[in-house]
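Dear colleague,

I am passing the structure below on to you, and after it you will find what turned up when I went through it. Please read the notes with the model open beside them.

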Amino acid sequence: MTESTSPKTVMGIDFGTGSIGFAIGQSLTGTASPIKALKAKEGIPNWDDVGKLLTEWQPDLVVVGLPLNMDGTEQLVTQKAKKFANRVHGRFGVQVHMHDERLSTTDAKASLFESGGYRNLKKGNIDAQSAVVILESYFESLY
């Protein structure tokens with residue numbers, strides 16, 4: 001295995017202005033699991049909480065969802081997500097990659113509903129599951 005194909009622990013992040021979802025996955029299996037969602041104010045989380053997650057999970061790479069319109073054009077929150085990704089890299093020195101997140105919330109809601117019905121459709125659950133969808137989509141794009 002070369003360095004680029006060796007197994008990696010990857011953290012997925014679903015950026016949002018009010019809540020930011022986190023998931024963790026393995027490139028070897030191409031699967032991910034939800035961690036949690038952190039509250040944010042206008043897209044700014046408590047950076048200490050983000051640091052704790054990074055310290056706990058020690059990812060080799062962080063994948064931040066890139067919010068785009070269905071036609072691929074940027075939307076208002078796209079620049080905020082890019083700024084957030086740059087801050088994660090700058091503050092914590094981790095490698096960050098942005099990945100198209102179109103329809104991740106829709107897929108996350110469907111998955112959560114399937115596994116637990118309406119009770120499962122809480123905002124934090126949706127955001128963390130969206131991070132799973134983003135991360136698994138990123139893994140699929142590698143193959």
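**Charge on the surface**

In this predicted model, a patch of positive charge on the surface is formed by Lys80, Lys83, Arg87 and Arg91. One of these residues, Lys83, belongs to helix 2, which covers residues 76–92, and Lys83 counts as partly exposed because its relative accessibility is 49%, between the limits of 20% and 50%.

**Overall layout and confidence**

The chain is built from 4 helices and 6 strands, which follow one another along the sequence in the pattern β-β-β-β-α-β-α-β-α-α. Of the 143 residues in the chain, 43% are buried.

With regard to confidence, the mean pLDDT over the chain is 84, and 80% of the residues reach a score of at least 70. Among the elements, helix 1 (residues 47–57) has the highest mean pLDDT, at 97, whereas helix 3 (residues 104–116) has the lowest, at 60, and I would ask you to keep those values in mind as you read.

**Backbone points to look at**

Most residues other than glycine have a negative phi. Which residues here have a positive phi although they are not glycine? Glu42 is one of them, with a phi of about 55°, and Gln58 is another, with a phi near 50°. Glu42 sits in the loop between strand 3 (31–41) and strand 4 (44–45), and it is exposed, with a relative accessible area of 64%. Gln58 is in the loop that runs between helix 1 and strand 5 (61–66), and with a relative accessibility of 54% Gln58 also counts as exposed, because the cut-off for that class is over 50%.

Finally, there is a pair that is separated along the sequence: Ser141 and His99 are 42 residues apart along the chain, while their C-alpha atoms are 9.4 Å from each other. Ser141 is part of helix 4 (residues 123–141) and is partly exposed, its relative accessible area being 45%.

With best regards

How values were computed. Residues are numbered from 1 along each chain as its sequence is written. This is a predicted model: local features need pLDDT of at least 70, side-chain atom pairs count only at pLDDT 80 or more; totals for chains, interfaces and linings use all residues. Side-chain values use heavy atoms; hydrogens and water are left out. Patches are made of residues with over 30% relative accessible area and no salt bridge: like charges are joined within 9 Å, nonpolar side chains (Val, Leu, Ile, Met, Phe, Trp, Tyr) within 5 Å. Accessible areas come from the Shrake-Rupley method with a 1.4 Å probe; for residues, only the protein chains shown count as cover. A salt bridge is a side-chain nitrogen of Lys or Arg within 4 Å of a carboxyl oxygen of Asp or Glu. Lys and Arg count as positive and Asp and Glu as negative; His and the chain ends are not counted. The place of a charge is taken as NZ of Lys, CZ of Arg, CG of Asp or CD of Glu. Helices (H or I, at least four residues) and strands (E, at least two) are DSSP runs, numbered from the N terminus. Buried means under 20% relative accessible area, exposed over 50%, partly exposed in between (1.4 Å probe, protein chains only). pLDDT is the predictor's confidence in each residue, from 0 to 100.
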